[in-house]
Amino acid sequence: IDHVECPIPIPVEGRLTELEYLLESGLAAEEDFCSENTGFPSPSALVKHLKDNIPDQEPAFSHGDMSDGNFFVDGQRISGIIDWGRGGVGDKWFDIAMSIRSVKEDLGEKHVGLLLERLEEKPDWDKIEYFLLLDVMF
């Protein structure tokens, strides 16, 4: 989908601002934060890392929460997509990262390769890891 005229930007910086607000307000899913899962000793250390390492962004039309719970499937085809609350122009690797996480959780690691093969993308694992960390407390 052409993203050029989409009026809703969702840059990484905006997500970081939202995450900081959620943390300051006690609304972040801090229970989902675990140093064993993220490698960071605290949510604030994770946020600092994310702010200090913002990747170059590849703008694309983004759903913003590309996980299996947001798709309706009729046989072999997608028949509907819901939960567009985070949709707009964002980095394409954010949606890919969320899809990879969903596939790993629901089907297992072995199916990630099939997803990437179908996307015909060479994975940018640095960006994928970045976006998985960015989403951990949302």
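The following conversation goes through the fold of this predicted model and some of its residues.

Colleague: What should I know about the model before reading any values?
Modeller: This is a predicted model, in which local features need pLDDT of at least 70 and side-chain atom pairs count only at pLDDT 80 or more, while totals for chains, interfaces and linings use all residues. Residues are numbered from 1 along each chain as its sequence is written, and side-chain values use heavy atoms, with hydrogens and water left out.

Colleague: In what order do the elements of the protein chain run from the N terminus?
Modeller: Helices (H or I, at least four residues) and strands (E, at least two) are DSSP runs, numbered from the N terminus. The protein chain has six helices and four strands, and from the N terminus on their order is α-α-α-β-β-β-β-α-α-α.

Colleague: What is the radius of gyration of the protein chain, and how does the globule rule bear on it?
Modeller: The radius is taken over C-alpha atoms, and the globule rule is 2.2 Å times the number of residues to the power 0.38. For 138 residues the rule gives 14 Å, and the protein chain comes close to this, so it is as compact as a globular protein of that length, with a radius of gyration of 15 Å.

Colleague: Which residues of helix H6 are buried?
Modeller: Buried means under 20% relative accessible area, exposed over 50%, and partly exposed in between (1.4 Å probe, protein chains only). Eight of the eleven residues of H6, which spans residues 125–135, are buried, so this helix is largely enclosed by the rest of the structure. The buried residues are Lys 127, Ile 128, Tyr 130, Phe 131, Leu 132, Leu 133, Leu 134 and Asp 135.

Colleague: Which elements do the buried residues of H6 pack against?
Modeller: Packing is judged here by contact, meaning heavy atoms within 4.5 Å. By that criterion the partners of the buried H6 residues are helix H1 (12–24), helix H2 (35–38), helix H3 (43–52), strand S4 (88–91) and helix H4 (92–106).

Colleague: Which residue in the turn between S2 and S3 has a positive phi?
Modeller: Two strands pair if DSSP finds at least two bridges between them, and four bridges join strand S2 (residues 71–74) to strand S3 (residues 77–81), which run antiparallel. Asp 74 stands opposite Arg 77 in S3. The two strands form a hairpin with two residues between them, and the turn residue with a positive phi, about 70°, is Gly 75.

Colleague: Is Glu 120 buried or exposed?
Modeller: Glu 120 is found in the loop between helix H5 (112–119) and H6, and it has a positive phi of about 55° although it is not a glycine. Most residues other than glycine have a negative phi. With a relative accessibility of 72%, Glu 120 counts as exposed.

Colleague: How does Asp 83 count by its relative accessibility?
Modeller: Asp 83 lies in the loop between S3 and S4, and its phi is near 65°, a positive value in a residue other than glycine. Its relative accessibility is 40%, and Asp 83 therefore counts as partly exposed.

Colleague: Which residues is Gly 88 in contact with, leaving aside its neighbours within four places in sequence?
Modeller: Gly 88 is found in strand S4 and is buried, with a relative accessible area of 0%. Pro 11 is 77 residues from Gly 88 in sequence, while their C-alpha atoms are 9.2 Å apart in space. With those neighbours left aside, the contacts of Gly 88 are Cys 6, Ile 8, Ile 10, Ala 60, Phe 61 and Ser 62.
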